[in-house]
Amino acid sequence: MATVRYFAGAAEAAGAEEEIRGEQTLDALRAAVVTDHEHLGFVLPRCAVLVNGERTDADMPLSASDVVDILPPFAGG
């Protein structure tokens, strides 16, 4: 059960800042959060996804100790 943390617009779209998920892979997690949080489908494709602090676009297995951060692009200078 990985911990998923949503930031900024992703948190608004998900309606939560954090949740515990049981998906076994990152691809499965991405699909499931969009199914569970419809508005996240508009935001997630533009987000950076970090697993345990490292950015990844690849599918990978997830474990109970993993932390997945979903960060939309930030504006500012």
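Contact here means heavy atoms within 4.5 Å. By that rule, and not counting residues up to four places away in sequence, Ala13 touches His37, His39, Leu40 and Val43. This is a predicted model, in which local features need pLDDT of at least 70 and side-chain atom pairs count only at pLDDT 80 or more, while totals for chains, interfaces and linings use all residues. Residues are numbered from 1 along each chain as its sequence is written, and side-chain values use heavy atoms, with hydrogens and water left out.

**Overall architecture**

- The protein chain has 3 helices and 5 strands. Helices (H or I, at least four residues) and strands (E, at least two) are DSSP runs, numbered from the N terminus.
- From the N terminus on, the order of elements is β-α-β-α-α-β-β-β.
- The radius of gyration of the protein chain is 11 Å, which agrees with the value near 11 Å for a compact globule of 77 residues. The radius is taken over C-alpha atoms, and the globule rule is 2.2 Å times the number of residues to the power 0.38.
- The C-alpha trace spans about 35 × 25 × 20 Å along its principal axes.
- Of the 77 residues, 40% count as buried. Buried means under 20% relative accessible area, exposed over 50%, and partly exposed in between (1.4 Å probe, protein chains only).
- Take the contacts between residues at least 6 apart in sequence: 50% of them join residues at least 24 apart.

**The sheet**

- The 5 strands form an open sheet in the order S2-S1-S5-S3-S4, with mixed pairing. Two strands pair if DSSP finds at least two bridges between them.
- Strand S2 (18-21) and strand S4 (54-55) are the edge strands, and each pairs on one side only.
- Strand S1 (residues 2-6) runs antiparallel to S2, and 4 bridges join them. Val4 has Glu19 in S2 as its bridge partner, and Thr3 stands opposite Ile20 in S2.
- S3 and S5 are antiparallel and joined by 4 bridges. Here Leu50 stands opposite Asp69 in S5.
- S3 and S4 are also antiparallel, with 2 bridges. The bridge partner of Val51 is Glu54 in S4.
- The hairpin of S3 and S4 has 2 residues between the strands, and Asn52 takes a positive phi near 55 degrees.
- In S3, Ala48 and Leu50 point one way and Val49 and Val51 the other way, and all are buried.

**Helix H2 on the sheet**

- Which strands does helix H2 touch? Helix H2 (residues 26-36) packs on the sheet and touches S1, S2, strand S3 (48-51) and strand S5 (67-71).
- The direction of H2 makes about 125 degrees with that of S2. Axes are lines fitted to C-alpha atoms, for helices over the stretch in contact, and angles run from 0 to 180 degrees between N-to-C directions.
- Leu26, Leu29, Ala32 and Val33 are buried in H2. Seen down the axis of H2, its buried residues fall within an arc of 120 degrees, so they line one face of the helix. The arc is that of the directions from the helix axis to the C-beta atoms.
- The cover over the buried residues of H2 includes S1, S2, helix H3 (40-43), S3 and S5.

- Arg21 has 7% relative accessibility, so Arg21 counts as buried.
- Its side chain makes a polar contact of 2.8 Å with the side chain of Asp36. Another polar contact, of 3.5 Å, joins the side chains of Arg21 and Glu19. A polar contact is a pair of N or O atoms within 3.5 Å; within protein, one must be able to donate a hydrogen and the other to accept it, and residues adjacent in sequence count only if both atoms are side-chain atoms.
- Leaving aside neighbours within four places in sequence, Arg21 is in contact with Met1, Ala2, Val4, Leu29, Ala32, Val33, Asp36 and His37.

**Ala13 in helix H1**

- Ala13 lies in helix H1 (residues 8-14).
- Ala13 is buried, with a relative accessible area of 14%.
- Ala13 and Cys47 are 34 residues apart in sequence and 12 Å apart in space, C-alpha to C-alpha.
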